[in-house]
Amino acid sequence: MCGIVGYIGWREAAPLLLKGLKRLEYRGYDSAGIALLNHNLLVMKQKGSVSGLEIAAEELSADMKAAKVGIGHTRWATHGEPSDMNAHPHQNSAGDIAVIHNGIIENYSVLKHELIVQGYIFSSETDSEVLVHLIDRIWKSDPSLDLESVTRNALRHVDGAYGICVISSREPDKIVVARKGSPLVIGIGIGEYFIASDAAPIVEHTNKVVYLSDGELAVVKKDGYVVKTIENVEQEKVITELDFSLEKIEKGGFEHFMLKEIFEQPAVMHDVMRGRVRLEEGRICLGGIEDYLDRLKHAKRIVICACGTSWHAALIGEYLIEEFARIPVEVDYASEFRYRNPIVGVDDVVILISQSGETADTLAALRTAKEKGALVMGICNVVGSTIARETLCGMYTHAGPEVGVASTKAFTAQVIMLYMLALALSRGRTLSQDEIALNLRELSRLPEKATRILELDSQIKHIAEQFKDTRNALYLGRGYNFPVALEGALKLKEISYIHAEGYPAAEMKHGPIALIDKDMPVIFIATRDSTYAKILSNIEEVRSRKGRVIAIANEGDKEISRLAEHVIYIPQSSGPITPLLTVIPLQLLAYHIATLRGCNVDRPRNLAKSVTVE
Ligand code: G6P
């Protein structure tokens, strides 16, 4: 989720790189750095925003100001908290190679260990730094190789995702770039070339670009470029003409960050599970809690504290952990937990879930639990955030920066984390190896199913057009889909300002049924599981009071179309997986209703992305 820029040509590189990084700051914003090449190689990097780096760059020597080759990076931490040392570019100890990296090197700890044994000294906690030392090692072992070959050889050792740029003062006339899983674009100017992780920093200089494909490596010089596969086979590339506005590019071509983030969910699902869901080994590997797994498995009780959307994820976590691991779980609003003198002690585990890792109430709940001796564990998205730092152990969701105030992709990432945690807690205790393997297969099919749901966007927009003027809405679901009903209602109210409520469907008869008339839309989550027949009866009850029914149902369900005015069909899946799928149409429905009403979905009134006050 970091941003990459590179320049080679006839202009001074530093101001171009800094401007490019500013264009990419929406992707990540905790630290930034540049490497400049003018005979010598110089790296300048620091924690904080690009503006801070800009001020530092005023002190560059005349020689470096004149550099016409350089690379730059804006970081959104995944391994190691934001700091000067963890910022990119990373250098070898001789200081003649610099690397920037976007992505995650999954086998970095094995590689790092090997390199340390061979005498390499690491100056950061990042996974990325292994790349520069690997290149260095290969080059030392065969100095006759060129930068292109050593980079190619190094990448053969690497598992995971990367978009990288490499420069070296030994070959100062080129930038070597490569891509696998993390996008890279080459902008074609006249006597100059631009490199970036997306077109945002390029579009003001040229509209001619070449998109690298996965498994490709390019050598870019000021008078030309060559693209090859990682196996060294030259590739013919098509030059694409950009016709985008800058703003659109930052949003990846989407109208709003929220929509972009909804559509990022299949990729995020991959990222959360990458290296953790080990399908072949039939197990889950959660590095951040490994040392505490035994204590977690033997917890008397697990309490999960969170706020807002994260609290809804926690509720699904309760169902998952109790069903799979058979450990009692209690879910609390962090704001209630902190003030009610809760009964927690050394045998309990308190899990704090927070996208930002900074929510004041969740942080206070963490401190309360810690004081009472509980084992505190975090599930956060922002690396190095306060909650992540103050918890004893935890896991990052790796969902990337979430800009839209209404949380979407962070929610699905949190639920997957909880799913994986529940399976890890069940291993060797409550679930057989076959049952674990079955769940892992279900998880691995998730991104493909989510992609199919996103294809329903125009159908959902069409439904939104018919309900955009409603003043109220009711969301009903059972079991795993009860928290999804709450989340669907929250999404609608926070961005469209329509009053919406979520309920367990069976509770309808205890109050909400009084609200139902011809003007009341009722959104039922009616996937085929053990409560399906009961949900159908609830739908009948709404229909007989002339309520307008929208149903989320499984593909092939003919019965439901007889009862509901609109049906959104989603792929079949096992019960525990369903909330990860059923939430997506509800996010889209809220988004479309809100935009049709002219609301600013990325910045809804009165709301903040990170609530650091009580
Ligand atoms: C705010 C945001 C919500 C978020 C909640 C908890 O209200 O607008 O989207 O769910 O805070 O935030 P956290 O960062 O702790 O998950």
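1. A backbone N or O atom of V405 lies 3.2 Å from an oxygen atom of the ligand, a polar contact in the sense of a pair of N or O atoms within 3.5 Å. A backbone N or O atom of T309 is 3.0 Å from a ligand oxygen, and an N or O atom in the side chain of S356 is 2.6 Å from one. The protein buries 90% of the 390 Å² that the ligand exposes when taken alone (Shrake-Rupley method, 1.4 Å probe).

2. This is a predicted model, in which local features need pLDDT of at least 70 and side-chain atom pairs count only at pLDDT 80 or more, while totals for chains, interfaces and linings use all residues. Residues are numbered from 1 along each chain as its sequence is written, and side-chain values use heavy atoms, with hydrogens and water left out.

3. The ligand is surrounded by 13 residues, the closest being S310, S354, Q355, S356 and T359 (a heavy atom within 4 Å). Helix α11 (residues 308–325) gives the most to this shell, with 3 residues; helices are DSSP runs (H or I) of at least four residues, and strands are runs (E) of at least two.

4. Elsewhere, an open sheet of 5 strands has the order β23-β22-β24-β25-β26, with parallel pairing; strands pair if DSSP finds at least two bridges between them. Because β23 (499–504) and β26 (566–570) stand at the edges with a single partner strand each, one side of each lacks a neighbour in the sheet.

5. Strands β22 (residues 472–477) and β24 (residues 521–525) run parallel and are joined by 3 bridges. L476 stands opposite F524 in β24.

Methods
Polar contact = N/O pair within 3.5 Å; in protein donor to acceptor, adjacent residues only side chain to side chain.
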